[in-house]
Amino acid sequence: MTTLRRSGLAAGLVLGALVLPSLAPSQAAPSQTAPSETAPERRAVGSSGIGDPYFPLAGNGGYDVEHYDLALDYTPPAPEPAPLTGQLRGVARIKLVATQALRRFNLDLRGLEATSVTVDGRPARFSQTQGNELVVTPRRPLRRGAKSRVVVEYGGATGRPTDVEDALYGWVTTRDGAMVVSQPDGSATWFPVNDHPTDKATYRFAVTVPKGLTAVANGDLVGSRTRGGQTTWTWDAPDPMAAYLATATVGNFELRRSRTPSGVPLLDFLDEDLRPADRTRSEASLALAGEMATFLEALFGPYPFVSYGAIVDDDSVGYALETQTRSFFSRVASEGTALHELAHQWTGNHVGPRRWADIWLNEGWAEYATWMWTEARGGTTAQQAYEAVFARPADDEFWTTVVSDPGPTGLFADAIYDRGAATLHALRLAVGEEAFRAVARAWVTTYGGRTAGTRDFRRLAQRVSGRDLDALFDAWLDTPAKPAA
C-alpha cells in the first residue's frame with residue numbers, strides 16, 4: 001500500500017526526484033491447532049479468529065480454504081441526489097479442507113446478510129453475529145482432512161465501510177460503481193471469507209453489472225457477456241492469494257493491453273472520467289511497467305503471477321493498494337507509486353505476512369525497491385534516501401514506533417515504510433551488494449506462495465550472508481529509539 005496518510009521524509013525525497021517455511025492456517029495460532037484426539041475423533045467448534053492479536057476476529061479456525069468461486073450481481077447507486085448506496089447479491093462457492101474435526105465453523109461476513117448456506121449439498125443451520133461472524137453448523141460434522149463445498153447465498157446494501165483507522169476500505173460504493181480494496185480485513189464486507197493472509201486460495205469471479213460498466217478483478221480476463229441490459233465479466237485468478245488482495249472494482253473503465261519484455265500480459269483499466277492531467281501522468285507511469293518489471297525481476301526473480309496491470313479510478317480511497325495482479329490507484333498512478341505497488345507483487349503478495357505485525361516486510365521492501373529504482377533512473381540515491389531518514393532528530397516520534405510490532409493502528413505509519421526501507425539499506429551496507437541481492441532473491445524463492453514473518457527474515461538473512469546481524473535488526477526493528485550511527 002501507498003497511502004496519503006503517510007508523509008515520510010525519505011519517501012518524499014525519492015518521489016520528488018522523479019518529476020522459515022510458512023505455517024498452514026491450522027498452524028498459525030493456538031486457536032487453530034487440532035486438539036489431542038482419541039478414537040472416536042473429537043468434534044470441535046472452529047475458532048472465531050485465526051489468532052492474530054491485532055485483529056482477533058479476522059480469519060477463522062479449523063479449516064483451510066482452497067478456492068472461492070464468487071458470482072456477484074451489483075447495482076450501483078442511482079444518480080444524485082439519491083443516497084450513495086448500492087445493492088449487492090452474491091453466491092459464494094467455497095472449497096475448503098477441515099484441519100480438525102468440526103461440528104461448527106465460522107466465516108467472516110460483515111454488513112451483508114446470508115440467506116442460505118449448504119455444506120456438501122445439504123442445507124446447514126447458520127446464524128450471524130452483530131460483528132463479523134457467519135456461524136455455520138453442517139448437518140453432518142466435517143472430518144479432519146476432509147474436503148467440503150460450502151455455498152453461501154447472501155446480499156444487501158453496500159456503503160462506504162472504514163477500517164480501524166477510519167480509512168475507506170472493503171466494498172466502497174461510488175456513484176458509478178465501487179472501489180474494492182480490502183487491506184487489512186475488509187474482504188468480509190463483500191463476500192464470506194477466511195479473512196487473514198495465512199489462508200491463501202485461488203479465485204474465480206463472475207461479476208454482473210449494468211451494461212456499459214466494467215468489472216475488474218484479479219488474474220486473467222476470461223471474457224464478458226451481455227444479456228438483457230446486464231454484462232457479466234468473468235475473471236480467473238489461479239495463483240494463491242490472500243483475501244485482502246482480491247478485488248472486483250466496478251466503473252467506467254477503458255482497457256489497454258500490452259506485455260512485459262518477459263511476456264507477462266499487462267491489462268490496465270483507466271477510468272474514462274480521469275482529469276486530463278491525471279490521465280497523462282498515469283499513462284506515462286504505466287508505460288514504464290515493462291521496464292519496471294525487468295528491474296524488479298533482476299532483484300527478486302521472475303514475476304510470480306499470470307498477469308499484471310492497474311486500475312486507476314477517478315474516485316479516491318486515499319491510497320493505492322497492491323491488489324494481486326491488478327494494483328489499484330486513486331485518481332493518479334505516479335511513477336514512484338507504480339513501482340511500489342508492482343514490487344509488492346513479490347513482497348507482500350507472493351510472500352505474504354504471517355501476522356499483521358510483520359507488515360514492514362511488505363512495505364519496507366516495496367519502499368526500498370522504489371529507492372533503488374529512483375537511483376537507477378538518475379534521481380535520489382538509496383544512500384541519500386537513507387541519510388534523509390537518519391537525519392530525523394532522535395526525539396522525533398518517528399523513532400518511537402517498534403517496526404516489528406507497530407500495533408493495529410500503526411500498520412501504515414511512516415516508520416513502517418521509511419524505517420523498513422532504511423533497515424534494508426543498513427543490511428545492504430553491512431553485508432555487501434552480492435550478499436544483499438542473494439538475500440532478496442532467497443526471500444522470494446524460499447517463501448513464495450506462502451507467508452513468513454520477521455523471525456524468518458532475520459534467520460534467512462543471517463544464513464545467506466553468513467553474518468551475525470542480531471544487533472542490526474534489534475536496533476532497527478525492535479527498539480523504539482533511533483539506532484546508533
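1. Angles between axes under 35 degrees count as roughly parallel, over 145 as roughly antiparallel, 65 to 115 as roughly perpendicular and the rest as oblique. Axes here are lines fitted to C-alpha atoms, for helices over the stretch in contact, with angles running from 0 to 180 degrees between N-to-C directions. Helices (H or I, at least four residues) and strands (E, at least two) are DSSP runs numbered from the N terminus.

2. The model is predicted, so that local features need pLDDT of at least 70 and side-chain atom pairs count only at pLDDT 80 or more, while totals for chains, interfaces and linings use all residues. Residues are numbered from 1 along each chain as its sequence is written, and side-chain values use heavy atoms, with hydrogens and water left out.

3. Helix 5 and helix 7 pack with their axes 7 Å apart, at an angle of about 70 degrees. The two helices are therefore roughly perpendicular. Helix 5 passes helix 7 in a right-handed crossing (the near helix is turned clockwise from the far one by less than a right angle; anticlockwise gives a left-handed crossing). In the contact (heavy atoms within 4.5 Å), residues of helix 5 including Trp360, Trp365, Tyr368 and Trp371 meet residues of helix 7, among them Ile416, Tyr417, Leu424 and His425. By class, this contact holds ten nonpolar, four polar and four charged residues; Ala, Val, Leu, Ile, Met, Phe, Trp, Tyr, Cys and Pro count as nonpolar, Asp, Glu, Lys and Arg as charged, and the others, Gly among them, as polar.

4. Helix 6 (residues 382-390) also packs on helix 7 (residues 414-431): their axes come within 10 Å and cross at roughly 125 degrees. That angle makes helix 6 oblique to helix 7. The crossing is left-handed. Ala382, Gln383, Tyr386 and Val389 represent helix 6 in the contact, and Asp418, Ala422, His425, Ala426, Arg428 and Leu429 represent helix 7. Six of these residues are nonpolar, two polar and two charged.

5. Helix 7 itself has 18 residues, of which 16 are buried (under 20% relative accessible area; exposed is over 50%, and partly exposed lies in between, with a 1.4 Å probe and protein chains only). From first to last C-alpha, helix 7 reaches 26 Å, close to the 26 Å expected (1.5 Å times one less than the number of residues). Gly432 follows helix 7 and has a positive phi, near 95 degrees.

6. The twelve residues of helix 3 (residues 289-300) should span 16 Å, and the end C-alpha atoms are 16 Å apart, which agrees. Buried residues of helix 3 include Met292, Leu296, Glu297 and Phe300. The buried residues pack against strand 19 (265-271), helix 2 (276-286), helix 4 (335-344), helix 5 (360-376) and helix 8 (433-447). Just after helix 3, Gly301 takes a positive phi of about 110 degrees.

7. One joins Glu80 and Pro81, with omega about 10 degrees; Pro81 lies in the loop between strand 3 (63-75) and strand 4 (86-98). Another runs from Gln183 to Pro184, with omega near 5 degrees, and Pro184 is in the loop between strand 12 (177-181) and strand 13 (201-210).

8. Positive phi also occurs at non-glycine residues. Asp120 has a phi of about 55 degrees and is partly exposed, at 42% relative accessible area. Phi of Asp166 is near 65 degrees, and Asp166 is exposed, at 63%.
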